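Grab a pencil and keep the 3D view open.

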Amino acid sequence: MNEQVQAIGSSRTPTRIALLTFPAFEPLDAIGPIEALQMLSHTEPLSLSVLAPTLDLQSTALPSGGASVSGPAFGVALAPTHTFTNALASVEAGEEIDVLLIPGGYGARTTPTDGPVVEFVRRVYPHVKYVITVCTGADIAARAGVLDGKRATTNKARWRDVANASPAVKWVRTARYVVDGNCWKSGGVSAGIDVTLAWIKEVFGEEKARNVANRMEYEWRDDRNWDPFAYMFGDGVDA
């Protein structure tokens, strides 16, 4: 993060990306969008901050127990650049976050509503230009109150739990991704790449988004209503 920034809501092209991390976040939820944004960074001057409760490595590994037979023996870890406390101090001093990327995963579903992850999102949101949630990252944003009254979607395999926990959100069952205001929300895991490409298209133009997808050799699902997983994981899903 740089010390000199323009005011939130300015017409400056968004370039400052912040990735929220926490124990047991889903790896592709974070790395898929970051891959697309890193491709974009070859032609746009982007910067990336990795945020976490502490500066300890944040691992995707699941805890021991019923969630995974491998437990902490399998996972990858990211090194945070900023704690939540330092990031909040920066934004409250006038330093803008252009895009807050919120992944999901086991850690998103189990983090307490009154804990540091949800509280950070609640406090930082007024200082953020865009929010992109991936998978059950929408659960964090919803419990932070960010999505109240907004249309949103999430991982269809976890649909009922997430939707029931936040009835103030206008949940959209059949959607690859949903955009409402400055909040961009995707379905599960790989859908995070699609919503990020859609955001790139909106902000930087379709040509750049297509170029990023092609260089990734990724078949971009750019139809926001494409969602076979809503039917795969749901009973009586309305189109």
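**Charge pairs, step by step**

K156 is buried, with a relative accessible area of 4% (buried means under 20%, exposed over 50%, partly exposed in between, using a 1.4 Å probe and protein chains only). A quick note before you start: this is a predicted model, where local features need pLDDT of at least 70, side-chain atom pairs count only at pLDDT 80 or more, and totals for chains, interfaces and linings use all residues. Residues are numbered from 1 along each chain as its sequence is written, and side-chain values use heavy atoms, leaving out hydrogens and water.

**Exercise 1.** Find the residue that forms a salt bridge with K156.

*Solution.* 
- Step 1: Recall the rule: a side-chain nitrogen of Lys or Arg within 4 Å of a carboxyl oxygen of Asp or Glu.
- Step 2: K156 sits in the loop between β8 (151-152) and α6 (159-165), and D227 in the loop between α8 and α9, so the pair ties together parts 71 residues apart in sequence. (Helices are DSSP runs of H or I, at least four residues; strands are runs of E, at least two.)
- Step 3: Check D227's cover: at 7% relative accessibility, D227 is buried.

**Exercise 2.** Work out whether K208 and E44 are buried or partly exposed.

*Solution.* 
- Step 1: Their side chains meet in a salt bridge, 2.4 Å from N to O.
- Step 2: K208 has a relative accessible area of 26%, so K208 is partly exposed.
- Step 3: E44 comes in at 17%, so E44 is buried.
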